[in-house]
Amino acid sequence: MTKITYREAVRAGLREALQSDPRVLLMGEDIGRYGGTYACSKGLLEEFGPERIRDTPLSENTFVGAGIGAALGGMKPIVEVMTVNFSLLALDQIVNNAATIRHMSGGQFNIPLVVRMATGAGRQVAAQHSHSFEGWYAHIPGIKVLTPATVTDAKGMLLSALKEPDPVFIFEHAYLYPMEGELDEQAFPVDISKAAVRRPGRDVSIITFGGSLWKALEAADRLATEGIDAEVIDLRVLRPLDAATILTSVRKTHRAVVVDEAWRTGSFAAEISAQIMEGAFYDLDGPVARVCSAEVPIPYPKHLEDAALPQPDTIVRAVRELLAR
Amino acid sequence: MLRIRRFEEKSAELYSLGKIRGFLHLYIGEEAVAAGALPAFTAEDAVVATYREHGHALVRGTPMGPLMAELYGKANGCARGRGGSMHFFDASRRFYGGLAIVGGGLPIAVGLALAQKLSTPSPSLDEGERQGRVTACFFGDGAVAEGEFHESLNLAALWKLPVLFLCENNFYAMGTALARHQSQTDIAFKAHAYAVPSAVVDGMDVLAVGEATRQAVNSVRQGSGPYLLEYRTYRFRAHSMYDAELYRTKEEVAKWKQRDPITTFETRLRELGWLTDADLQEMEDTIAAEIEDAVAFAEAGPWEPVEDLEKDVYTRT
């Protein structure tokens, strides 16, 4: 086990991908000379050259579309979109082409494309750089949606995504990049079809993903001091969703709290809640609870941003309410 | 040209009979573009087309049977019937659609050209061809209003990619005339803003289309970067089968019909003594037989089983 930051883990994954397959190329805004907005691709231009590390213009729809075309043409492009908010400019190519061409062509074409982007709030960068839209993307059949929360997943999911014949979207919570963790090389290749039980427990299932995982784990530690034994599930993959792991956990604990940094209305948390209702209704001792962001565009001042987001405090409170303690 | 025309006339007839549904965007009037342009490309080149792509698929070489079956929505269609009129695909001929979001094919063509530039060339090609695989990207005048048009020209020129932007300017974005949606109606001129060389071509003259396209393809194959051709053409039929054509006059359509690419070319060949009534009759008979076979192929085709509904959403299921 080596200690490494999340950012270094992503970079290690990118480097290994570039070294192992000449068809891999990186494209994105400021990934070359600048070194990547979050420094994930720092040094790669010097190491692999401008043919494979391509700075793109600020043309999200076109460079994501070019990634689709390059994948159709036999390359393995990894496209970086700086921030999830900017990826909305590429929705046409993502939804209308990346997700549909395989089905619409009767299986003749597949698109081995990997798109990475930063998501989430907590860095005081206000409403146009802080949102969490991975749940929206998880709505779309034809693409896969990954949310690595640990350093092992940050590197491993990227490498596993590159082995996929279909488009894979990786959402990296921006708050995690400086986080240090133990890289578990034994876990490689990581399985990108399963959720993970990050903390076993028997009283309540806290179901979450991405940046909220660490808040949920902190909440679980605090609850433990009060004698509440929480199980924490890291979804890891939002599409295709591993519902079995969720249902197994809920059948054991009989209570579920879903933590999702997106807004509550129409959130992925709503989907998880519905799946629990459909699959484990009679195992529940109470209604499924949700801890989501307040229904506001994320504000700039720290106290308001903190108040808008799920926090260990709010998770603890939701669990206590559910257990009527 | 005649093959495209007769195929589409039959498609329109089958549409009225209810055999074909959905949107059916006919190419009638614009045949000189596909027929003139596509022979300039080799089997190793890639082609990206729009929702008005019957002519492109036919000239590219996809047999008429699978195309007709696709219109029927049958499993023996060129996309297993999943796409219909707007979504012809043929991997064996590097035909990447059949894409029906206006402008959406341009970035994909840029990416295909990038892959062509970077990937290891097929060993079956000789040295000259290895250097020169290109991507043909067809789009209409409506696409010029999309951001993707501008972004794609910029990126292709910036990266010197071997892509030909082939604009089929039929002067109408569905029902909106070019002058109603563009402040600058000279499309070829716009390419200069991105340092992309361009030319305007008479899209009603198959020989002019052929000559201009060959020249442009040769230039792109040498590695000089992208090229834009604006074919000025005209659609004789409505935008789709639902279109009442309230946006243009009968006189305007009649005027363009005098420049019908098939009849004008026929007249020219007759004047040169290269075409006789008998030659023409022979062509008509051959095409009629081909269409009859294609309809029979489509009629006999099976429906995709409902159990396969969720097939090919992902490669592995």
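How many bridges join strand 7 of chain B to strand 8 of chain B? I looked this up and found five, with the two strands running parallel.

**Ground rules.** I noted that this is a predicted model, where local features need pLDDT of at least 70, side-chain atom pairs count only at pLDDT 80 or more, and totals for chains, interfaces and linings use all residues. Residues are numbered from 1 along each chain as its sequence is written, chains are lettered from A and ligands numbered from 1 in the order written, and side-chain values use heavy atoms, without hydrogens and water.

**The sheet.** I traced six strands of chain B in an open, parallel sheet, in the order 2-1-3-4-8-7. Strands are DSSP runs of E with at least two residues, helices are runs of H or I with at least four, and both are numbered from the N terminus. Two strands pair if DSSP finds at least two bridges between them. Strand 2 (95–98) and strand 7 (198–202) of chain B are at the edges with a single partner strand each, so one side of each has no neighbour in the sheet. Next I checked strand 8 (residues 227–232) of chain B, where Glu230(B) stands opposite Val200(B).
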